[in-house]
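Good morning, and thank you for coming. I would ask you to look at the sequence and the structure together while I speak.

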Amino acid sequence: QFDKKNTYNSAFYNFDGTQSQVPMMTETMNLPYCADEQYEALELPYGNGSFSMVVVLPKTNVSVENLVANMNADTWNTMLNRMDTVYNLAVRLPRFKIEYKKTLNNDLMALGMTSMFSPVAANLSEINADEPLYVSFVLQKTFADVNEEGTEAAAVTVIEIATTSALNLSFVANRPFLYFIKEKTTGAILFSGINRKL
């Protein structure tokens, strides 16, 4: 957690060259940290440490897009392995909330799931044998809210079925950065995102 008394308004340098005044959470804490010529990264643990948020901040001469383009399983695992040392960090992290939604019809049809979207070809009789049904849309919606108390994140998938008739280090995240929420034991990434503009 961050102490609300330490939060102050500060500039965030957006990807498009503009600046925003944002609530910047501030705390000095001991955290896993690593850095190289491309980025610096820290890990913020949640609760008993089963989950955590990894914040990856590109160096000032590296764009967040380039960082994403070079991110793969190997670079991710290398970064996590390098965060085996705990440092005393003066952390500056903006308070932020990100929401994202996408209709998945085209993605699912591209994977071969076409018949369920067709009023003619769909067979959803196991749901309702009395009325001919089909899937009209599939919507995925996620959000992550990061503030002084921690992080709240959730995802929901909506499927609409219709009838055919109806060290003395500082980590200052004041420019675009990546964030990942992961589970510790498996390393599974539950949420990921880019903060380009606040």
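Let me begin with a definition: a residue is called buried under 20% relative accessible area, exposed over 50%, and partly exposed in between, with a 1.4 Å probe and protein chains only. What we have here is a predicted model, in which local features need pLDDT of at least 70 and side-chain atom pairs count only at pLDDT 80 or more, while totals for chains, interfaces and linings use all residues. Residues are numbered from 1 along each chain as its sequence is written, and side-chain values use heavy atoms, with hydrogens and water left out.

I turn to the salt bridges. The term stands for a side-chain nitrogen of Lys or Arg within 4 Å of a carboxyl oxygen of Asp or Glu. The structure holds six salt bridges. In one of them, Lys-5 is joined to Asp-3, and the closest N and O atoms are 2.9 Å apart. Lys-5 counts as exposed because its relative accessible area is 71%, whereas Asp-3, at 29%, is partly exposed. Another salt bridge links Lys-182 with Glu-43 at 3.0 Å, N to O; here both residues are buried. Asp-107 and Lys-102 also form a salt bridge, at 3.4 Å from N to O. Asp-107 has a relative accessibility of 33% and is therefore partly exposed; Lys-102, at 34%, is partly exposed.

Next, the strands. Strands (E, at least two residues) are DSSP runs, numbered from the N terminus, and two strands pair if DSSP finds at least two bridges between them. Strand β2 covers residues 19-35 and runs antiparallel to strand β1, residues 8-13, with six bridges joining them. Within this pair, Ser-10 stands opposite Val-22. Five residues lie between β1 and β2 in a hairpin, and Gly-17 in the turn has a positive phi of about 90°. To which residue of β5 is Met-24 bridged? The partner is Pro-94. Strand β5, residues 86-94, is antiparallel to β2, and nine bridges join the two. Strand β3, residues 39-46, is also antiparallel to β2, with three bridges. Cys-34 has Ala-41 of β3 as its bridge partner, and the hairpin from β2 to β3 passes through three residues.

Why does Ala-144 count as buried? Its relative accessibility is 3%, and the limit for buried is under 20%. The C-alpha atoms of Ala-144 and Lys-97 are separated by 5.6 Å, although the two residues are 47 places apart along the chain. A contact means heavy atoms within 4.5 Å. Leaving aside residues up to four places away in sequence, Ala-144 touches several residues, among them Phe-96, Glu-152 and Tyr-179.

Finally, the aromatic rings. Rings of Phe, Tyr and Trp (its six-membered ring) pair if their centres lie within 6.5 Å; planes under 30 degrees apart count as stacked, over 60 as edge-to-face and the rest as tilted. By this rule there are three aromatic pairs. One of them, Phe-12 with Phe-177, is edge-to-face, at 6.3 Å centre to centre and 75° between the planes. Both Phe-12 and Phe-177 are buried. The rings of Trp-76 and Phe-180 have centres 4.6 Å apart and planes at 50°, so this pair is tilted. Trp-76 is buried at 7% relative accessibility, and Phe-180 is buried at 10%.

Thank you for your attention.

Notes
Helices (H or I, at least four residues) and strands (E, at least two) are DSSP runs, numbered from the N terminus.
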